[in-house]
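Student: I would like to go through this model with you. Could we begin with the overall fold and then turn to the side chains?

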Amino acid sequence: MSQVQELKVEAREGTGKGPAYQARVKGQIPGIVYGGKGAPEPVAIDGRILERQVGQGGFLTTLLTLDIAGKKTQVIPRQVQLDPVSDRVVHVDFLRLEKGATVRLEIPVHFKGQGESPGLKKGGVLNIVRHAIELFCKAENIPNVIEVDVAALDINDTIHISALKLPEGVKPAIRGRDFTIASIVASTSVMEEQRAAAAAAAAPVVEVEAAPVATGAPGAAPAAGAAPAAAGAKAPAAPAKK
């Protein structure tokens with residue numbers, strides 16, 4: 001499950017481009033905390049700390065406790081805006097999480113068991129349909145990743161969402177459809193081998209019969225196309241006259 005991390009932020013006076021620009025000049029990144037029963041709160045976060053957090057990956061599924069002048073607020077990042085040229089973080093939105101709140105998140109999928117998969121051993125390929133799954137999660141029970149074991153999959157086997165054991169209180173956002181997570185498909189070389197084997201098995205067996213040997217009567221003329229008698233061979237004797 002996601003570990004709650006603490007992040008110190010400062011209250012920021014005013015909203016709009018002016019106050020946001022002044023925060024960036026001081027090396028801070030402007031943000032907003034919204035949701036729940038409280039009013040939106042403009043904040044500013046140390047730019048180096050926030051960019052380090054974002055660079056580690058999984059930032060949008062990380063539970064955070066914001067320390068705003070000693071007041072602790074549990075949040076989850078909902079949006080990170082990047083500069084289109086430099087890719088630096090320029091703004092961040094945080095959603096307040098009341099106790100027992102449910103959030104809709106995309107959780108990344110990690111695969112294991114590739115070394116044991118009979119389909120992959122035969123030259124198959126792991127076809128990943130979903131690299132992340134959209135889930136409803138309790139605020140205190142957000143998984144870091146969803147692990148999918150493919151150790152038992154053979155070629156043409158498929159694993160669906162119904163085959164996964166999700167953490168308690170976690171449910172797919174897509175309901176009423178047993179959607180595919182991944183499958184093992186035959187590679188091009190394997191498919192060519194299978195087609196060649198199938199073609200060989202379906203080919204008809206042709207039996208060739210030996211030509212019969214001609215046995216003519218003595219003295220009969222050789223059959224058309226027969227080889228001439230060897231030189232010096234004796235012709236058959238004529239019958240004696242009475």
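Student: What does the secondary structure of the chain come to?

Tutor: The chain has four helices and 13 strands, where helices (H or I, at least four residues) and strands (E, at least two) are DSSP runs numbered from the N terminus. This is a predicted model, in which local features need pLDDT of at least 70, side-chain atom pairs count only at pLDDT 80 or more, and totals for chains, interfaces and linings use all residues. Residues are numbered from 1 along each chain as its sequence is written, and side-chain values use heavy atoms, with hydrogens and water left out.

Student: How much of the chain is buried?

Tutor: Of the 242 residues, 33% are buried. Buried means under 20% relative accessible area, exposed means over 50%, and partly exposed lies in between (1.4 Å probe, protein chains only).

Student: And the accessible surface, what does that come to?

Tutor: About 16,000 Å², with 54% of it belonging to carbon and sulfur atoms. The areas come from the Shrake-Rupley method with a 1.4 Å probe, and for residues only the protein chains shown count as cover.

Student: What share of the contacts comes from residues 24 or more positions apart?

Tutor: Such residues account for 65% of the contacts in the chain that have a separation of 6 or more; contact means heavy atoms within 4.5 Å.

Student: Now the nonpolar side. Which residues of the largest core touch the most other members?

Tutor: They are I133, L135, I142, V148, L164 and I181, in a core of 30 residues. A nonpolar core is a set of buried Ala, Val, Leu, Ile, Met, Phe, Trp, Tyr and Cys residues joined through side-chain atoms within 4.5 Å. Strands β7 (102-112), β9 (132-138), β10 and β13 (180-185) each give two or more residues to this core, and β7 supplies the largest share, five residues.

Student: Which residues does the second core include?

Tutor: That separate core has 15 residues, among them L50, V75, V89 and F94.

Student: Changing topic: how many salt bridges are there?

Tutor: The count is eight, a salt bridge being a side-chain nitrogen of Lys or Arg within 4 Å of a carboxyl oxygen of Asp or Glu. One of them joins K72 and E6, with the closest N and O atoms 3.6 Å apart. K72 lies in strand β5 (residues 71-82) and E6 in strand β1 (residues 5-11), so this pair ties together parts 66 residues apart in sequence.

Student: What about E51 and R88?

Tutor: Their side chains meet in a salt bridge at 2.7 Å, N to O. E51 is in helix α2 (residues 47-55) and R88 in the loop between β5 and β6 (89-96), 37 residues apart.

Student: Lastly, what sits over the ring of F179?

Tutor: The charged end of R130, 4.4 Å from the ring centre. The rule requires NZ of Lys or CZ of Arg within 6 Å of the ring centre and within 35 degrees of the ring normal.
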